[in-house]
Amino acid sequence: MSDISRTDSSISDYSPLSQACIRALTDRMDDKRKFAANEIEKMTAEFAMSNNLTMVNRLIIVLGRRFCLSHHQNTRKGGLLGLAAVMVGFKNGSLTEPPPEMIEEVVRPVLTCLLDSDPRVRHYACEALINVTKVARANILPQFELVFDSLTKMVADNDITVRAGSESIDRLLKDIIVETNDLKLEDFVVKLEEYIYTKNPCTRMFIISWVRLLDSKVDIIKYLPHLLDGILNCLYDSNDEIRASILVLLSEFLNKIVTRPSDETNISALIKILLKHTRNVRESPVQYNCIAWIRQLIRLMDGSQLLSFTPDILSAILPCLAYQPIEDFDLDGRVFNATASKRHIPTPVDQGNICEISNLVNSSLQELVINVLCDRKNTSNLDPISSDLVAILEVLSNELQRQEHPVIRLAILDWFRALRDAEPEFISLQLSQPKLFQPLLDTLSARSDAVVKNALRVITEIFHDDISEDQQQMRRNVSGIVDESSSKDDDDQDSRKSYGRSSQNQPKSPMSSTAKRVAITTNETPVVNQCEPNIQRFIQALYKTFRENELVFEERGTFIVLNLCSMIAPDRVYSSFAEIIKEEKTDFKFAYNLVQKLNQILLTTQPLFALRSRLSNDDDPDLVVLFHNLYMAWCHSPIAAITLCLLTNHHRHANEMVMALSRTDITVELMIQIDWIVQLIESPVFAPLRIRLLDPNNNHFLIQALYGLLMILPQSDAYRKLSNRLNQVHRFMSMNTQTTHLRTSQSASSKPTTTSSTSSHSSSGPAKEPKKAGLSLPVSSSSTSLETLMKHFHNVQNLRTKHMVSRNVDVE
């Protein structure tokens, strides 16, 4: 028996309840408690008919405070039944709705019992709250927040009867809200924002249902910044029903924002939330939907907003442009699936759709930004945009350094070009600063050929504005070469095999396989005016990069130089390199290697055919200066200097250098280089030189130089090749001499009176080599200039020798 029914002295404290009613209300039997509740309902109806609100309130206080807060569960159950009976009796006996004060006095103890540890007590509390809500209707709204707080716990209750009761209360409250439309929306949004971060799936569904209700009743879009973050968090739920509901809700919100734009929509706040989730995950629908929202919202932003948010959007969107691991891409950025079966591949929704939508956002954003920049340029609007552009460039540069995927890097480089087209002077000035220029320079070491070519285009456009018409043919030559080997450009092994098979006709140079990989540029590739002086700064930076990064120099050096020559006049590129190399006084080894590589590119690649042709004839006097610059640098490699003289038809000087070479230390490396010269002479590049051997009378210095190389070579394949070539020349000379003598004898016998001047003229010996048809030094100082060049050659060789000796001493 409960403590309430133990003594008669306590009965007066529970009036107007009778002793029998108290005992029945606290009984453990449900039927007896229900019987007592019916008695309370009748009593309350009589009080209500007589408008005796004092007794009704007294009854509510007794039931709420004495019964519902009791320590005995049966007493709490009876109190809850009694409170429900009071509200039903009041409705039956009164013509008016219960006042808010009465509702508050009833609701508070009921809500307290909803937290009871006994599930049966919680069930009785649910039933009581249902009856209270039915009676109170709109008068329960002052207690709405308290009821809502309890509902968020009831919907996740372990007891199924409690959850069922919470659903009934939820429906009643929603009906009341729809009927009255009298809810403090601002306060309720704060309440929703508090509970929407819950991780319980039942509570999440409950909160989502209320958000959907508000969306149907009021313009909730202006409150969306308070809710969007929590709504997106619900997408992380593993429950398919919750995710589907959230996706539908997000779609409805976005449709409202796009179709009915409003000044009350805080797009900036929404973008910040979306960017947070875009950066957060990779393998969920959250990212896709956030990017889809960003795509639509950026179209609603004004110019200032767009520029200010572009850096943050780019930092979030660019990494989403490609999800495949870097190993899934070849050097040109093409996807292959050779190892797909060995790794976990993201689902098509996560991988393909996100990449596609990110690319659309990137393209749209770029177009919008460029339009804003162009509009501001064409109007009198003088709003400062420099800070926004600097922020955009910094983000692009940071991402260029951070990201290694070729698709992302190509997109960043496309941004640089687009921004420069819109603001050429400002962007070129900013990108030429070391902080932003260095990432571009570092990109030249990328594995992707497409990335390297586009990086070179951006760099050349930074330093140059004009396009040289003289280089259009160069562009076409580079665009059309090595079509037959393009399919092998990404396979170093196949390139080496192909190179080896053609070694009978091509020089076997120590150049890496990338020398065969010639840049194939499109018709959109800019060819820069060779008169631009700023190219020297870029070449200086490239020279430093080659010197500090041996891997870039060895693996990408040839490819970079070839593409650079397709964008800038080759003679300007070579002249710039030569001016830097000839001033090198410390790192002779690097200068030697660079000269070797530049020389190999000059002599063996098709794109530089025009430059080789110009160097081998005297039609262009300006190339005398180029030859002089090249020679001063090429002296770092004696073999390169000799080949340069052979190419430019300075045979006498080449012979002198061969003689000087014979007096130096003949190393294995030097023998390899001489071997390479022999292979080069046998290649199509030096076909004109071989034709000159048919005129020995006018090219005896050339023959002497070749004999000098032959004497330096040991007995080897190269020796035999050059010896066979010279033997053929000697045989031709013998045949020519015999033919000449025969003709002379026949002429003398048929015409005895004829003077011997003709005979003497035809048999004149190689006493003096006439002026050659190649590049000529100034006539007034030809011998002096050649002596100066030879002196420079000897000086450089002495410096190199001393440098090598000092290095060997340091090593020992």
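The protein chain averages a pLDDT of 79, and 77% of the residues score at least 70. This is a predicted model, in which local features need pLDDT of at least 70 and side-chain atom pairs count only at pLDDT 80 or more, while totals for chains, interfaces and linings use all residues. Residues are numbered from 1 along each chain as its sequence is written, and side-chain values use heavy atoms, with hydrogens and water left out.

The secondary structure of the protein chain comes to 37 helices and zero strands, where helices (H or I, at least four residues) and strands (E, at least two) are DSSP runs numbered from the N terminus. Of the 812 residues in the protein chain, 52% are buried; buried means under 20% relative accessible area, exposed means over 50%, and partly exposed lies in between (1.4 Å probe, protein chains only). Among contacts between residues at least 6 apart in sequence, 76% join residues at least 24 apart.

Helix H8 (residues 160-180) has 21 residues and reaches 30 Å from its first C-alpha to its last, close to the 30 Å expected at 1.5 Å a residue, the expected span being 1.5 Å times one less than the number of residues. The buried residues of H8, among them Val162, Ile169, Leu173 and Ile177, pack against helix H6 (119-136), helix H7 (144-154) and helix H10 (201-217). After H8 comes Asn181, whose phi is positive, near 55°. In helix H18 (residues 406-422), 13 of the 17 residues are buried.

Side chains of opposite charge can pair when their charged atoms come close. A search of the whole structure finds 24 salt bridges, each defined as a side-chain nitrogen of Lys or Arg within 4 Å of a carboxyl oxygen of Asp or Glu. One of them joins the side chains of Arg76 and Asp116 (2.7 Å, N to O). This pair links distant parts of the chain, with Arg76 in helix H4 (residues 73-93) and Asp116 in the loop between helix H5 (100-113) and H6, 40 residues apart. Both Arg76 and Asp116 are buried. Another salt bridge is formed by Arg122 and Asp157 (2.9 Å, N to O). Here Arg122 lies in helix H6 and Asp157 in the loop between H7 and H8, 35 residues apart. Arg122 counts as buried because its relative accessibility is 12%, and Asp157 is buried with a relative accessible area of 12%.

The side chains of Lys435 and Glu394 also meet in a salt bridge (3.4 Å, N to O). Lys435 lies in helix H20 (residues 434-442) and Glu394 in helix H17 (residues 386-402), so the pair ties together parts that are 41 residues apart in sequence. Lys435 is exposed, with a relative accessible area of 61%, whereas Glu394 counts as partly exposed at 29% relative accessibility.

Leu694 is found in the loop between helix H33 (687-692) and helix H34 (700-712), and Leu694 is partly exposed, with a relative accessible area of 48%.

Terms used. Contact = heavy atoms within 4.5 Å. pLDDT = per-residue confidence, 0-100.
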